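Subject: Structure handover

Hi,

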4 protein chains.
Amino acid sequence: MAFDIIRTARAVLNVTDLEASRRFYVDALGLIETESDDSTIYLRGLEEHNHHSLVLKKADTASVEVMSYKVQSEDDLEVLSDFFNSKGLRTTWVEEGRQKAIGRTLRVQDISGLPLEFFAKMDTVDRLLQQYHLYKGARIQRIDHFNCMVPDVQKAYDFYTESLGFVCSEYTAAENEQVWAAWLHRKPSVHDVAFMSGDGPRLHHVGFWLSDQLSLIHTCDVLASLGYGPSIERGPGRHGLSNAFFLYLRDPDGHRIELYNGDYLTSDPDFKPIKWDLNDPQRGTFWGHEAPDSWFHEASTVLDVNTGEAISTDQPKLKQRKPMFVI
Amino acid sequence: MAFDIIRTARAVLNVTDLEASRRFYVDALGLIETESDDSTIYLRGLEEHNHHSLVLKKADTASVEVMSYKVQSEDDLEVLSDFFNSKGLRTTWVEEGRQKAIGRTLRVQDISGLPLEFFAKMDTVDRLLQQYHLYKGARIQRIDHFNCMVPDVQKAYDFYTESLGFVCSEYTAAENEQVWAAWLHRKPSVHDVAFMSGDGPRLHHVGFWLSDQLSLIHTCDVLASLGYGPSIERGPGRHGLSNAFFLYLRDPDGHRIELYNGDYLTSDPDFKPIKWDLNDPQRGTFWGHEAPDSWFHEASTVLDVNTGEAISTDQPKLKQRKPMFVI
Amino acid sequence: MAFDIIRTARAVLNVTDLEASRRFYVDALGLIETESDDSTIYLRGLEEHNHHSLVLKKADTASVEVMSYKVQSEDDLEVLSDFFNSKGLRTTWVEEGRQKAIGRTLRVQDISGLPLEFFAKMDTVDRLLQQYHLYKGARIQRIDHFNCMVPDVQKAYDFYTESLGFVCSEYTAAENEQVWAAWLHRKPSVHDVAFMSGDGPRLHHVGFWLSDQLSLIHTCDVLASLGYGPSIERGPGRHGLSNAFFLYLRDPDGHRIELYNGDYLTSDPDFKPIKWDLNDPQRGTFWGHEAPDSWFHEASTVLDVNTGEAISTDQPKLKQRKPMFVI
Amino acid sequence: MAFDIIRTARAVLNVTDLEASRRFYVDALGLIETESDDSTIYLRGLEEHNHHSLVLKKADTASVEVMSYKVQSEDDLEVLSDFFNSKGLRTTWVEEGRQKAIGRTLRVQDISGLPLEFFAKMDTVDRLLQQYHLYKGARIQRIDHFNCMVPDVQKAYDFYTESLGFVCSEYTAAENEQVWAAWLHRKPSVHDVAFMSGDGPRLHHVGFWLSDQLSLIHTCDVLASLGYGPSIERGPGRHGLSNAFFLYLRDPDGHRIELYNGDYLTSDPDFKPIKWDLNDPQRGTFWGHEAPDSWFHEASTVLDVNTGEAISTDQPKLKQRKPMFVI
């Protein structure tokens, strides 16, 4: 590639009640509120030196405005724009100054219809990593990845690995070796983005990285004591795939958040992607627990980067299914 | 009382395959094997200075031979014997030398039909608390409690609190303030024994105490990597009642083991038993997770201390039921 | 004994700057402030259902007004009073209403000159054990023990074990088998009080129990980020004796606080006190670290329960010394 | 650069007693022994899919044969060779087959005289990340970094950042803004290599990454219970610089090993190197503990990649000194 996508950088989520969102993300989970106004809250994790990694915008309906990746330089944006246009994917620019704290961004609907944004510049702020007295709730360190449901994972996989420079760390194979799900990275972790077969395009969850397992356990306790028990959708548990120690939460609008600890280094060219059989019960949950149906069927609506309208979804090409457990 | 029951001391479980049990309890969970022969394995936790807290005996059928409590002195045994006989509960003595490493014991079927044993003397062995290189698996520290299903919890509660000197720390109240479940202690922890309404008398589980939450998480990982995923029945989770961070396992014969961290000091006379409503969803699982049906219906058969025959069970007087969750 | 001392219950410390103390104990360590006024702050841990376990009183000079034990009943106070008087230890009563939230108390200078207080009643308050959103700093669960420097440990040991009903869990023996230090308990933990040979009588530290090791590590981080690095005197480390995972802090007045995790059950009459040789390098610090001189020489002045004057100290009968390390 | 150094890959250490080394690294610390023979032991961490990251070779004298970095491709080796030769740094090739499990390697004495090795190929083996029953001791996940003492840190800094493509995450500035120490990375972590001002060139330590803090605490307990207390040189503690939760150990030959948890993502071009003042007491130890003199003065001798002779050392250009603490 003539461009360098560094990492998953931020999600822009539309929410219906800013105060309810603040109570969940700031008061309960402990994300740092960098800045906010009547219509928007900008949040970041404890180690993040950029202005924000999560934007919550007041809206009539919950949805995903855009998922953003950071690139190495401004020049990369031009190259990316040319590339997308050459593929018939219509891009749009959001000029610097139009969005708080961030430079010029390039937006595009990707090959699956997901709303992406690329940028090279974001304001820097004080990193709070060593301000330990400010740690609370989940002690979220940083944004880690997006997980998206798309109807044709193979198509997304090919596009991201062949054209955008992503590398596969692990994947789930269905019958006939078709890719049912794939974990792809730019930074040398398990993933910056994962694709799962399902009604899509939709955002399944935004993953945030925690530095330890006990913060995740404590999050359950804090959520429960604040009355957010019903927000705990799945976990704590261990994924076989990715080895993540995970907790899935639903925010007040139903957006799904993963708290995530584990991960491993994927820097080496000789690291072979790990293949999991779709029916391996340890793939989804290493310990054998079954995931709730909601986790397989519910996800966030994504918007058109040009019109702001909801993107309609298609049925998955592979029969979507929950793994069978014979326990 | 003119006797002093100190604490939950040991369980004697009949198992059908000693080698399968050893793989589970010793190789996977890391209990210390003090001694064993062709028909019996004696196990203890890392801080225990007594010879064992769990006895596994080779048998044709899985069952519970007896649940043992340690008393302050030999004299207490005589007083207890007189007491039980005065209540029409027929006792039997097992003389010293008949059981390995333990003094004379008094056995009795309690008011619910549970097989109890009392003793004052057990051989002491090296405590391995500071032999950290021997820690493995769950790093179990010590036996903590029994949990029993009985058809009439109120009757058991009255007998243990009024006649045996147990104190209630927490309880679950059904309609009309009837006791649906109760947690009773002699040592100043949450419990030495708990009773739950259900088909009984049966042993629901033996609880072992861990010193930290991460040992419990690691146990899940170890069990899964050894193929014991299906042995994980419930958890990890937090009980509202007792505040336990818990994991429920089923051993190769289906006996249920609880790994348990949490607890609090219950030494004070002004500590008021904590009342939980049967339908409070946070009672069973503070975080809101539903327990599997097996946890509510399956338990271990107990034996007659005189005949060695299985004790027949009765339906609970209170309608047994799983709490309803409206999440 | 015809009385029953339940446990270590509270310390009353004189401090010179209430606001400085509040910043340390409440803002940094996270103790719960039950109540306070211009001259006093009442603090408790997360699981404590009694009004307080630590009282900070505004004074011109830092000192220890009294160390309190809870007894089973009001009657025990009368018996204790008679006992102390029979031993020539002059007692004084503080009538109910004279101290906030606590019933009538019996005060006495013990055989080493330490100011003790006994009480049976204290107001109960909401237990915050499951209010996890209020957890902060060290997440202190409860008061655990006192550690005192006295010139004649053998005398204190004899008095507490023979007359007050304390039981020894572990001790340090100097040459000629003389007791150099002893850990004594009423509740079945390692200790409610420990005595070390040294200039005394003085209070060496008040120990608070934490539920896990990571809270103790996090405390170091929080203290350091708030500028309290110099308050960390010793640790984190592991004591060989008691197996405690420990952290010693000095409050703004120099009073020493131990944060403490570990412990084990000492309920059994057949538990033999563990003997440590004074020169065993693993006794003090299992990992081999040397303790700072201040830890061996500095301690808090204690007051006369009748006059409120500082108690003068004597040199230890056994040569006080820091263990020698040959590493 | 026309080459791409991926990461710190392996250290080759000469040791005088293979069995003593095995007891330390395998039995106590729990590193995985991939393979060994009479003269060599090959070790790796739990997540490593390459054959080894630490080689212990039987020798008469303890020393460092070489520190190895993995590069993206074989071609990179050629480019690197040309580069070093152009700088007057004499290289040597070790052909494939001459060293077990590794392809052709390029060796060179770097600008400070440190023995480096570069390679693109190493045999892959089973990754044991999810073989949790094999976890023991320190549960080391992977090699992380080298830390080297050199007399002229500024020179090393310039060479690595300007010519080898390393990026600075944090550094210590002495008077006149001279670089006293620097942390440099290729993988987006805090470092692959750090340089400290001191007698050199010498290897100060090899850093290994742990996934959690409790594994590090448990390592102390395990080492102490096995009699390795004296091997614990410094820690557990928190570095201000790098935010590492650290433990420094000395192996049986005195080679220093760091166990390390913490770290943060350094992928972004707008991440500004963090500057620490040499006399900031929180730089070295965030909590304020003083490091032992040995940590500042002792380090491992390194060898000439051509002759195998020990490299002589020079005094540091900046006055080497331990930070002053005014506590």
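A residue is called buried when its relative accessible area is under 20%, and exposed when that area is over 50%. Asp263(A) has a relative accessible area of 9%, so it counts as buried. Please keep in mind throughout that this is a predicted model.

Asn176(B) is exposed, with a relative accessible area of 69%. Most residues other than glycine have a negative phi, and most peptide bonds are trans.

Two cis peptide bonds are worth a look. One runs from Gly200(B) to Pro201(B), with omega near 10°. Pro201(B) lies in the loop between β12 and β13 (202–210) of chain B. The other runs from Gly235(D) to Pro236(D), with omega near 5°. Pro236(D) belongs to strand β14 (residues 232–238) of chain D.

**A sheet in chain A**

Chain A has an open sheet of 8 strands, in the order β2-β3-β4-β1-β5-β8-β7-β6, with mixed pairing. Which strands stand at the edges? They are β2 (32–36) and β6 (91–94) of chain A. Each has a single partner strand, so one side of each is left without a neighbour in the sheet. Neighbouring strands are turned by 25° against each other on average, direction ignored.

β6(A) pairs with β7 (residues 105–109) of chain A in the antiparallel sense, over 4 bridges. Thr92(A) has Arg107(A) in β7(A) as its bridge partner. Helix α1 (residues 18–28) of chain A lies across β1 (5–15), β2, β3 (40–44) and β4 (54–58) of that chain. The helix runs at about 160° to β4(A).

The UniProt record, an unreviewed entry, annotates "domain: VOC" over residues 7–121 and 142–262 of chain A. Residues 7–121 are 21% helix and 41% strand, with the end C-alpha atoms 13 Å apart. Residues 142–262 are 20% helix and 46% strand, and their end C-alpha atoms are also 13 Å apart.

**An enclosed strand in chain B**

For strand β12 (residues 193–197) of chain B, 5 of the 5 residues are buried, so the strand is largely enclosed by the rest of the structure. Val193(B), Phe195(B) and Ser197(B) point one way from β12(B), while Ala194(B) and Met196(B) point the other way. β12(B) pairs with β9 (residues 140–150) of chain B in the parallel sense, over 5 bridges. There, Met149(B) stands opposite Met196(B). β12(B) also pairs with β11 (residues 179–185) of chain B, in the antiparallel sense over 4 bridges. Trp183(B) stands opposite Ala194(B).

**Core and interface**

The largest nonpolar core has 405 residues. Phe118(A), Phe118(C) and Phe118(D) have the most contacts inside it. Beyond its neighbours within four places in sequence, Phe118(C) is in contact with residues including Ile5(C), Tyr69(C), Phe84(C) and Arg104(C).

Between chains A and D, 33 residues of chain A are in contact with 33 of chain D. The two chains bury about 2,800 Å² between them, 53% of it on carbon and sulfur atoms. Gln130(A), Leu265(A) and Asp270(A) supply 20% of the area that chain A buries against chain D, more than any other three residues.

Best wishes

Methods: Residues numbered from 1 in each chain as written. Chains lettered and ligands numbered in written order. Predicted model: local features only at pLDDT ≥ 70, side-chain atom pairs only at ≥ 80, totals over all residues. Heavy atoms only, no water. Core = buried A, V, L, I, M, F, W, Y, C linked by side-chain atoms within 4.5 Å. Buried < 20%, exposed > 50% of the residue type's maximum accessible area, 1.4 Å probe, protein only. Contact = heavy atoms within 4.5 Å. Pairing = 2+ DSSP bridges. Helix = DSSP H or I, 4+ residues; strand = E, 2+ residues; numbered from the N terminus. Axes fitted to C-alpha atoms, helices over the stretch in contact; angles between N-to-C directions. UniProt positions renumbered as here; feature names shortened; annotations may be inferred. Buried area = accessible area lost by both parts, 1.4 Å probe.
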